[in-house]
Amino acid sequence: MAAVPIPTRQLFIGGEWKHPVLNKRIPVINPATEEIVGDIPAATAEDVEVAVEAAHSAFNRNRGKDWAFASGAFRAKYLRAIAAKVVEKKEVLAKLESIDNGKPYDEAAWDMDDVAGCFEYYADLAEGLDSKQGTPVALPMDTFKSHVLREPIGVVALITPWNYPMLMATWKVAPALAAGCTAILKPSELSSLTCLELAAICQEVGLPSGVLNILTGLGPDAGAPLAAHPNVDKVAFTGSTATGSRIMTGAAKLVKPVSMELGGKSPIVVFEDVDLDKAAEWTAFGCFWTNGQICSATSRLIVHESIAAAFLDRLVKWVKNIKISDPMEEGCRLGPVVSGGQYEKILKFISTAKSEGATILTGGARPKHLNKGFFIEPTIITDVTTSMQIWREEVFGPVLCVKTFSSEEEAIDLANDTHYGLGAAVISNDEERCDRVSKVRSKVAKAIKRRVCNG
């Protein structure tokens with residue numbers, strides 16, 4: 001596959017490329033080769049001030065008529081233009097994503113399809129706002145009239161993670177722009193390349209200046225002052241629970257609304273009536289897709305004791321067939337994790353599990369055929385107890401831990417034995433059981449369930 005050059009970009013503020021005030025930059029390391037392949041600008045609080053002012057000015061320009069209170073159809077034209085450019089540049093964007101993040105090229109290309117689809121979806125919603133404006137509200141007295149106006153909240157800070165760099169940014173950018181907000185996007189410093197290319201796309205389609213500003217940089221230097229800025233009207237954040245807690249604490253001082261998607265330690269429950277091969281395939285997919293770096297990854301396997309041995313045998317065979325390689329190589333299904341820090345963190349989780357008495361059934365180390373890059377074999381850990389770190393904490397890597405159960409009630413208790421509540425899966429040929437189990441809520445986690453049935 002042909003190489004793609006890494007563009008040299010600056011911060012995107014007020015529709016223009018601007019050097020960071022302190023002129024700092026951060027190296028971009030290809031996780032498959034451990035080589036520095038470029039760099040990105042490192043914003044600080046000084047740049048945040050400039051970006052917030054640009055977004056604030058864009059929101060209020062011409063008393064909001066230029067963007068915030070323009071028609072939804074007007075904003076939709078820009079969203080559709082961005083979607084078209086993403087489709088046009090799909091191959092380059094996907095290559096940059098793979099080089100920056102480590103996910104297989106095929107997955108990155110599918111992500112770009114989703115990015116374009118997301119902008120189109122919110123373009124539709126922006127257009128739909130026009131017919132909803134001024135909806136009358138019935139009142140018991142003719143003396144008064146009442147109607148509903150839907151207005152943008154203002155300037156929003158969008159802080160996004162490294163596992164789906166452009167897609168998760170789009171999940172925040174597209175609805176914010178559709179609603180008429182102006183925004184400052186702060187992607188993760190570990191994978192910012194495609195978000196900077198989104199800035200270039202916005203420039204190409206003529207998005208009004210200051211409507212979307214993009215600051216790359218470290219969390220403490222750029223993300224924290226952005227989230228705490230008094231002229232930011234809302235914060236949307238996806239990332240770790242610890243960082244989310246700090247953002248929420250800061251926002252509370254200003255009574256600022258926040259929306260968050262934080263960590264996960266999701267269960268997948270496999271009952272005894274399944275097709276073993278199909279269930280093993282779904283289980284492998286649920287944990288090892290995107291190199292295991294998904295907050296909703298089903299990284300806790302809870303399998304019925306009567307099929308556990310046979311099921312794990314099938315699962316190991318599925319896992320050993322996963323092609324681990326440079327993400328740009330054809331057929332790659334598992335690339336490197338995003339960074340050296342993440343690589344060491346995951347290996348530490350595996351080491352701790354072993355020291356606590358768990359068994360590494362397969363994986364647990366660097367693949368033997370790869371002597372560089374942040375690669376970790378898909379790892380399955382058995383003989384796990386509910387007190388172990390590997391059961392309780394989010395690994396965010398290609399690591400699956402396993403427990404068995406004997407009854408439906410025990411399976412539900414194990415599934416809900418988590419501080420997180422992001423997602424879950426149930427696999428059974430009994431659809432009534434799938435419905436029944438998926439509706440059970442943890443009193444603490446309020447876990448969201450999703451159903452997967454073989455049949």
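Is Arg 80 buried, partly exposed or exposed, and what is its relative accessible area? In this predicted model, Arg 80 is partly exposed, with a relative accessible area of 24%, a value that lies between the 20% under which a residue counts as buried and the 50% over which it counts as exposed.

Arg 80 forms a salt bridge with Glu 120, in which the closest N and O atoms are 2.7 Å apart. Because Arg 80 belongs to helix α2 (residues 72-88) and Glu 120 to helix α4, this pair ties together parts that are 40 residues apart in sequence. Glu 120 is itself partly exposed, at a relative accessible area of 33%. Arg 80 also meets the side chain of Glu 127 in a salt bridge of 2.8 Å, N to O, and here too the pair links helix α2 with helix α4, across 47 residues; Glu 127, at 35% relative accessibility, counts as partly exposed.

Another salt bridge joins the side chains of Asp 111 and Lys 103 at 2.6 Å, N to O, where Asp 111 is buried with a relative accessible area of 6% and Lys 103 is buried with 0%. Through shared partners, salt bridges join Arg 80, Glu 120, Asp 124 and Glu 127 into one network, and the whole structure holds 21 salt bridges.

Technical notes
Residues numbered from 1 in each chain as written. Predicted model: local features only at pLDDT ≥ 70, side-chain atom pairs only at ≥ 80, totals over all residues. Heavy atoms only, no water. Salt bridge = Lys/Arg side-chain N within 4 Å of Asp/Glu carboxyl O. Helix = DSSP H or I, 4+ residues; strand = E, 2+ residues; numbered from the N terminus. Buried < 20%, exposed > 50% of the residue type's maximum accessible area, 1.4 Å probe, protein only.
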